[in-house]
Amino acid sequence: MFSAKQRMEVVNEMSKTTYDVLVIGGGITGCGIALDAVTRGMKTALIEMQDFAAGTSSRSTKLVHGGLRYLKQFEVKMVAEVGKERAIVYENGPHVTTPEWMLLPIHRGGTFGKWSTSIGLWLYDRLARVKKEERRTMLSAHETLQKEPLIKRDGLLGGGYYVEYRTDDARLTIEVIKKAVECGAHAVNYVQAESFLYDEHGRVIGVMCREQMTNESFAVYAKKIVNAAGPWVDTLREKDGSNVGKKLRLTKGVHIVIDQAHFPLKQAVYFDTPDGRMVFAIPRDGKTYVGTTDTFYDGDRVHPKMTSEDCDYLLRAIRYMFPSVHLTQQHIESSWAGLRPLIYEEGKDPSEISRKDEVWQSPSGLITIAGGKLTGYRKMAETVVDLIAKQLEKTYRPCQTKHLPISGGDIGGANEWHTFIAEKVTEGMSLGFTEEQAKQLIQRYGTNVDRLFAFARTYDRNSAFLPIDWYVMCMYALEYEMAVTPLDFFIRRTGALFFDIHAVRQWKGAVTQLMQSYFNWTDEQRNEYEHQVDVALHDAITPCDEAKH
């Protein structure tokens, strides 16, 4: 059950069931834990107070990467582990993750020297067990400029060329939770954990929840409760009376999106900034996006925003590495800001704090996981569920997720991906999609594209107020992905607010109208949801003054 119309049925079911595991938090960490637990045979539920992936997991650099920069901090074990995980994430969901060659330019006086880069990338390849055809090559200055002519020529010594994996972070998260639901988990968005329930010995046995659409409260009981609430981890520990010892420190990362007409980047680049930090510039869907910043953050955790300072920092970084590209704030089409919930280390700058994950348990039995990276979500889940299995003292299957395709990824392995696309494009075109539309749908939804094609068969061009591709995406999001609001659709289900903002402006009314008829909203409700889209559109291009927040 993962249709938006079945949400309240899921809520009702949860209020009547005692689970082995209840996960609080519907980001990639929580969704990964739910998938691992349910596939081992545990009765599993997950609640998320916003939409799935609405926090950190839709606001990252959108890379499943091995963390090359962590070699500089000598975090060899972490690089080895997450490096190996990249290939697993790709193999299990080639529709949401794709190999991307990355160029690391080497300039005189820069962070990376030619020799240290060569050794570092060689070590990276070995630690991450990178496939032979994807191992690094070192380039001359001339070869580096051939790969990306926009790079600063002054002081250029050459470049390193290696593979990272680009992903759609929100869709990865949603495909993981969909797979968990397919396997029997109960998962619901817009349900907030308000307080914990305890037995006479002070052991946590449940959560009082509030369903945010109706404002009704209900209890969910479970033998083990996992706090995977990302930036809200310490808030839940406070409710449990166990927020002692290690604490979270939030840092904010901002990305900006520019049309390729103004920043015609050919090649993904990982480059130095004047202050010694590293920034990515990545081409995607006719746009170039650039990030990230890394600053300590104490503001609104639900709506972090780009400030003028963030914006200026990234524009300066672009001008520094790509001097022929003349960009101003007016060229920014969209932006996003995300929070990293890192485990605080005294005296360290934001970019120096470790991205390692940690698991700890309170006296009540509440299990908390914090820190970590998108790439390592599956291993983090395995660690947590191993601990749960041990404590439940029952024999469960070992971890099943290493070779388990996520929803939409069941095509027989990544090697079959291009064949699958070619076959499905022909079918899509026979249903009235253009070749480009069919390809985009297949690349976004993988094997689930058949369900979108089924909606296309009922599409009536004469009465439709949305084009066929937007219509099928919206219907699929409602029926199979528990999208509840237009913003769920425009941000987490499609990424359009970031990478196709003009289409959001064009179709926001029609999408809201379709959702109004689906949910039987009043005109007042519809206007409120459309207003939320307008606010998000404004926030995406307007830096806030953080002093006001």
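Rings of Phe, Tyr and Trp (its six-membered ring) form a pair when their centres lie within 6.5 Å, and the pair is stacked if the planes are under 30 degrees apart, edge-to-face if over 60 and tilted for the rest. The model shown is predicted, so local features need pLDDT of at least 70 and side-chain atom pairs pLDDT 80 or more, whereas totals for chains, interfaces and linings use all residues. Residues are numbered from 1 along each chain as its sequence is written, and side-chain values use heavy atoms, with hydrogens and water left out.

**View A. The aromatic pair of W101 and Y161.** Across the whole structure, 23 aromatic pairs are found. In the pair formed by W101 and Y161, the ring centres are 4.9 Å apart and the planes lie at 20°, so the two rings count as stacked. The partners come from distant parts of the chain, with W101 in strand 3 (residues 97-107) and Y161 in strand 5 (residues 156-167), 60 residues apart; strands here are DSSP runs of E with at least two residues and helices are runs of H or I with at least four, numbered from the N terminus. W101 is partly exposed, at a relative accessible area of 30%, whereas Y161 is buried at 11% (buried is under 20%, exposed over 50% and partly exposed in between, for a 1.4 Å probe and protein chains only).

**View B. The ring cluster that includes F499, and charges placed over rings.** Y289, W336, F498 and F499 are linked into a cluster by ring pairs. R284 lies over the face of F499, at 4.0 Å from the ring centre, where a charge over a ring has NZ of Lys or CZ of Arg within 6 Å of the centre and within 35 degrees of the ring normal. Elsewhere in the model, the charged end of K5 is placed over the ring of Y518, 4.2 Å from the centre of that ring.

**View C. The largest nonpolar core and the surroundings of I33.** The largest nonpolar core contains 73 residues, and M14, I33, M42, I47, I177 and I225 have the most contacts inside it; such a core is a set of buried Ala, Val, Leu, Ile, Met, Phe, Trp, Tyr and Cys residues joined through side-chain atoms within 4.5 Å. Helix 9 gives the most to this core, namely eight residues. When neighbours within four places in sequence are left aside, I33 is in contact (heavy atoms within 4.5 Å) with V23, V226, A228, I369, A381, V384 and V385. A second, separate core has 71 residues, L127, A438, L466 and L487 among them.

**View D. Helix 13 and its packing partners.** Helix 13 (residues 468-480) has 13 residues and reaches 18 Å from its first C-alpha to its last, close to the 18 Å expected at 1.5 Å a residue. The helix is mostly covered, with 11 of its 13 residues buried, including W470, Y471, M473, C474 and Y476. Its buried residues pack against helix 6 (169-182), helix 11 (435-445), helix 12 (449-456), helix 14 (486-493), helix 15 (496-499) and helix 16 (501-519).

View E. Most residues other than glycine have a negative phi, and most peptide bonds are trans.

View F. Leaving aside neighbours within four places in sequence, T375 is in contact with L63, V64, H65, V82, E85, R86 and V89. Not counting residues up to four places away in sequence, T401 touches L35, D36, T39, N92 and R378.

Technical notes. Expected span 1.5 Å × (residues − 1).
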